[in-house]
Amino acid sequence: MYPLPLMDDFLGKLGGSSVFSQINLKCGYWQLPLDRESQPKMTFVTPDGLYECTRFPMGLHNGGASFQGLMDLALGDLKWTACLVYLDDLIVMGKNFAEHQHRLSAVLTALEMANLTLNAEKCLFASDEITCLGHKVSSSGVKPHPEKIQAIVEFPSPDSQSAGQKNTVSRSFIGMVSFYRNFIRSGWTWGTNQASAFAELKNALVSAPVLVHFLDELELELQIDASQKGLGATLMQSREDGLHLVAFISRRLVDAEKNYHSNELECLTLMWALKKLRHYLFGRRCKVKTDYNVVKCLCSKKDLKGKFCALDDGPTRVRFPDPSFERNIKCRYRHAFSLSGGGDDTIKAPALRLQGLGENTAQNRQEDEMFRLSKGVLYKINTSGRERKNLLVVPSILRRDIIKACHDSPTGGHFGIEKTWGELLPIEPPKECLSVYEIDHISPLKKTDRSNQYVLVAIDLLSKWVISAPVPSVASTPVVSFLQHEIIAHHGIPERIISDWKTAFISIKLEKAFNKWGITHSFASPAYPKSNVQVERANATVIMALKAFVDKNHSNWDELLPEAVMTINTAEQSSTGFNAHEIVYGRKAELPHKRLFPWPTEDLEPLVKFMKRMAEQRLSVRENLKARQEKLKKNIDKKRKRARVCKPGDLVLVSRDITKKGKTRKFLLLYIGPYQVVKQVTPVTYLVEDVPARRKEKNGGDFCPMSAN
């Protein structure tokens with residue numbers, strides 16, 4: 001379904017405008033043609049026979065979504081900047097008449113290019129006040145439509161209805177009034193004096209204040225309050241002549257909430273208001289005002305429990321940078337000083353010296369010149385001329401979380417150190433053996449007598465130790481079993497596992513297993529096998545080993561898989577200089593042919609000497625891998641092309657998988673399209689869409705620019 005714009009967003013974008021034009025399309029949905037495949041579904045019966053709709057009829061479930069998608073496609077970049085559109089109603093706004101005329105001309109041109117017809121009788125041009133979605137909009141703000149208010153004023157009282165109709169009429173009235181709930185200054189309750197409350201609510205709407213347009217650049221202030229009956233909040237913006245109202249919200253307490261302590265009610269009000277007004281507050285600086293100091297005290301506490309944990313996680317999760325929430329972040333930051341008793345020495349020592357509490361030597365003074373302490377937070381002075389002048393000194397306990405957020409998330413693209421910071425550099429090999437694996441499936445093979453059809457392969461990124469098992473499907477259950485019985489049972493729990501985006505690896509069941517074992521799960525770049533190249537290379541090696549011994553029917557490959565993997569693990573790797581078995585176990589494997597010779601008896605190696613040799617060997621492996629990476633990088637960079645830079649709106653062709661059943665491979669097109677670039681997701685990944693709006697992420701290397709003809 002295509003989303004319709006939120007009414008609050010729609011009305012909020014009119015802020016700062018003084019000239020408006022209202023445009024209405026003629027016959028609405030009838031201007032949207034139906035494709036030939038859908039027309040038989042719109043058949044209707046008449047006395048003269050059966051007929052099919054060739055245009056979009058009224059009343060279809062997806063009618064609004066389809067029509068909104070058409071309007072967004074027709075207007076393109078004009079939406080939200082030069083005009084607003086809600087189905088067949090368009091609003092063109094401008095700060096002055098000249099800007100309005102320029103925008104109106106652009107919108108009319110776009111509608112003409114889309115072959116859309118206007119209803120001249122319902123259009124209004126260059127007016128200082130318009131009616132929009134049941135509201136009166138002008139340069140001074142938004143207020144309820146007088147005709148709607150008059151209908152509410154004339155609404156019959158439930159007292160005049162029969163006993164069976166009172167509840168129904170009351171609910172109808174509440175639903176009608178709730179449409180304008182943002183204009184009600186305070187909440188109300190239906191108590192014993194029902195008629196008085198009914199009249200009060202009417203008067204609240206008749207005397208409703210004018211809500212100002214929301215402006216992004218102005219400071220926000222959220223005022224909250226709670227009682228034993230309900231919650232309330234007011235959102236205001238500071239302007240030259242003082243604070244102005246943006247929205248009111250309120251609600252009654254449910255039965256369970258009536259048992260809350262006053263502390264819990266105040267915190268509940270804050271979290272509820274932040275969620276309810278999220279479309280205004282998300283990502284913006286906001287000041288929170290309350291008459292209850294408990295909220296302020298709780299934000300300064302280190303360890304929150306129970307319901308109050310929401311105070312600790314909620315504002316941080318949505319990244320509100322307002323002062324009251326910054327205190328919570330600083331609380332976590334300062335807590336890192338004293339973790340595990342001794343704290344983080346890299347931060348604690350200079351922080352103490354800057355406060356006059358540490359040893360003050362000449363060397364320390366020279367080191368301290370690189371740091372500064374501001375409001376209890378330690379910063380390092382940036383002399384590189386890049387980024388900020390003061391860089392936040394991150395405690396070691398938080399560094400993994402920060403790197404994970406910048407590196408492992410989907411928007412980060414999993415580009416490793418190269419894209420996380422600076423220019424391209426080789427990814428450093430793991431420091432520990434059997435701690436980081438890449439995992440993948442080998443595509444469907446012939447089904448064996450034991451119902452196996454796939455091979456699950458994992459490779460350790462330091463030793464290049466390969467682990468594999470035949471599996472019947474690519475579901476998540478065989479993956480969890482493979483990790484538990486083939487990796488964890490023999491080699492312990494790894495620190496990290498890297499996979500692609502196949503269904504088995506993004507399942508909830510596998511995620512729960514990773515959380516249970518404490519394994520970090522990272523993803524390779526979508527539709528880009530080179531980012532998972534080591535396991536892809538292992539897959540090819542396994543296939544090559546099986547190819548030499550599989551029978552003519554290709555039905556016994558799962559029986560030969562253990563021998564094939566043993567062959568790979570006992571062969572010397574050119575990248576490490578050792579075979580994987582020797583790196584993992586500290587000795588070369590005993591193979592059948594070695595036992596044919598009379599080897600002399602050797603003394604057992606002392607444990608200390610063995611451990612030292614193992615450590616030196618694995619250090620040598622890491623150095624060999626680094627040297628190999630540098631050599632490959634040097635050779636590849638000579639032939640490397642610069643990443644193609646695309647801008648939103650560019651038309652491109654996208655490379656495709658040229659395997660298609662029943663078709664000649666050589667005759668298939670290498671690229672399909674055209675696709676339109678929507679935005680750049682990462683430095684080398686773009687979001688493209690097919691007309692009208694089917695979007696997908698593609699790597700920049702898969703693009704081919706379209707020629708002008």
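**Close-up views of a predicted model**

V137 stands opposite V142 in β9. The model shown in these views is predicted.

**View 1. A hairpin links β8 and β9.** Strand β8 covers residues 135–138, and strand β9 covers residues 141–144. The two run antiparallel and are joined by four bridges.

**View 2. Strands β7, β8 and β9 form an open sheet.** The order is β7-β8-β9, with antiparallel pairing. Strands β7 (129–132) and β9 stand at the edges; each has a single partner strand, so one side of each lacks a neighbour in the sheet. On average, neighbouring strands here are turned by 25° against each other, direction ignored. Four bridges pair β7 with β8 in the antiparallel sense. Across this pairing, E129 faces S138 of β8.

**View 3. Four strands build an open sheet of mixed pairing.** Read across the sheet, the order is β12-β11-β10-β13. The edge positions belong to β12 (242–252) and β13 (286–289); each has a single partner strand, so one side of each is left without a neighbour in the sheet. From one strand to the next, the twist averages 20°.

**View 4. Strands β10 and β11 pair in the antiparallel sense.** Strand β10 spans residues 220–226, and strand β11 spans residues 230–239. Seven bridges hold the pairing. E221 sits opposite M236, a residue of β11.

**View 5. Helices α16 and α17 pack together.** Two packed helices are described by the angle between their axes and the distance between the axes. Here α16 (residues 476–491) and α17 (residues 508–517) meet at an angle of about 25°, and their axes are 9 Å apart. That angle makes α16 roughly parallel to α17.

**View 6. Residues of α16 meet residues of α17.** On the α16 side are S476, T477, V479, V480, L483, Q484 and I488. On the α17 side are K509, L510, A513, F514 and W517. Sorted by class, this contact of α16 with α17 has eight nonpolar, three polar and one charged residues.

Terms used:
Residues are numbered from 1 along each chain as its sequence is written. This is a predicted model: local features need pLDDT of at least 70, side-chain atom pairs count only at pLDDT 80 or more; totals for chains, interfaces and linings use all residues. Side-chain values use heavy atoms; hydrogens and water are left out. Axes are lines fitted to C-alpha atoms, for helices over the stretch in contact, and angles run from 0 to 180 degrees between N-to-C directions. Angles under 35 degrees count as roughly parallel, over 145 as roughly antiparallel, 65 to 115 as roughly perpendicular and the rest as oblique. Contact means heavy atoms within 4.5 Å. Ala, Val, Leu, Ile, Met, Phe, Trp, Tyr, Cys and Pro count as nonpolar, Asp, Glu, Lys and Arg as charged, and the others, Gly among them, as polar. Two strands pair if DSSP finds at least two bridges between them.
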